[in-house]
Amino acid sequence: QLQLVESGGGLVQPGGSLRLSCAASGFTLDYYAIGWFRQAPGKEREGVSCISSSDGSTYYADSVKGRFTISRDNAKNTVYLQMNSLKPEETAVYYCAADPSRTVQAMCIMGPKYDYWGQGTQVTVSS
């Protein structure tokens, strides 16, 4: 059974950092584009950052460029999202998703074609 499990969320002060993890089981992440998305209460889901399955190319939303870094460790079957200089408006539930066929940009803009989502991890940025 294909499963994605996010972890690493929590409460952080503005300007602080968190590293989220997305661990896969039941399948090998090597062959999937992976994306991080977030959804705040009353807002639409937003693609934050995505990484390709093949060449490691990445995509970032303009709002996080220079502050967030996505990476993958295929040996651990895990994708990470390092988030620095966090802002209160980035408080949301963060989800990871996988897709075997999307390009990096399509993944972040349209989301996964298949319904492979984790359960989410809450990130709260507040003083």
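This is a predicted model: local features need pLDDT of at least 70, side-chain atom pairs count only at pLDDT 80 or more; totals for chains, interfaces and linings use all residues.

Analyst: Happy to! Residues are numbered from 1 along each chain as its sequence is written, and side-chain values use heavy atoms, leaving out hydrogens and water.

Glu90 and Arg38 form a salt bridge, with 3.3 Å between the closest N and O atoms; the term stands for a side-chain nitrogen of Lys or Arg within 4 Å of a carboxyl oxygen of Asp or Glu. This pair links distant parts of the chain, 52 residues apart: Glu90 sits in the loop between β8 (78-83) and β9 (92-99), and Arg38 belongs to strand β4 (residues 33-39). Strands are DSSP runs (E, at least two residues), numbered from the N terminus.

Glu90 has another partner in Arg67, and their side chains meet in a salt bridge at 2.5 Å, N to O. Arg67 lies in the loop between β6 (58-60) and β7 (68-73) and Glu90 in the one between β8 and β9, so this contact ties together parts 23 residues apart in sequence. The relative accessibility of Glu90 is 3%, which is why it counts as buried, and Arg67 is buried too, with a relative accessible area of 12%. Salt bridges with shared partners join Arg38, Glu46, Arg67 and Glu90 into one network.

That brings in Glu46, whose side chain meets Arg38 in a salt bridge of 2.8 Å, N to O. Arg38 counts as buried because its relative accessibility is 7%, whereas Glu46 is partly exposed at 31% relative accessible area. The model's salt bridges number 4 by this rule.

Now for the strands beside these loops. β7 and β8 run antiparallel and are joined by 6 bridges, with Thr69 standing opposite Gln82 in β8. Two strands pair if DSSP finds at least two bridges between them. An open sheet of 4 strands, paired antiparallel, has the order β1-β3-β8-β7. Its edge strands, β1 (3-7) and β7, each pair on one side only.

Notes: Buried means under 20% relative accessible area, exposed over 50%, partly exposed in between (1.4 Å probe, protein chains only).
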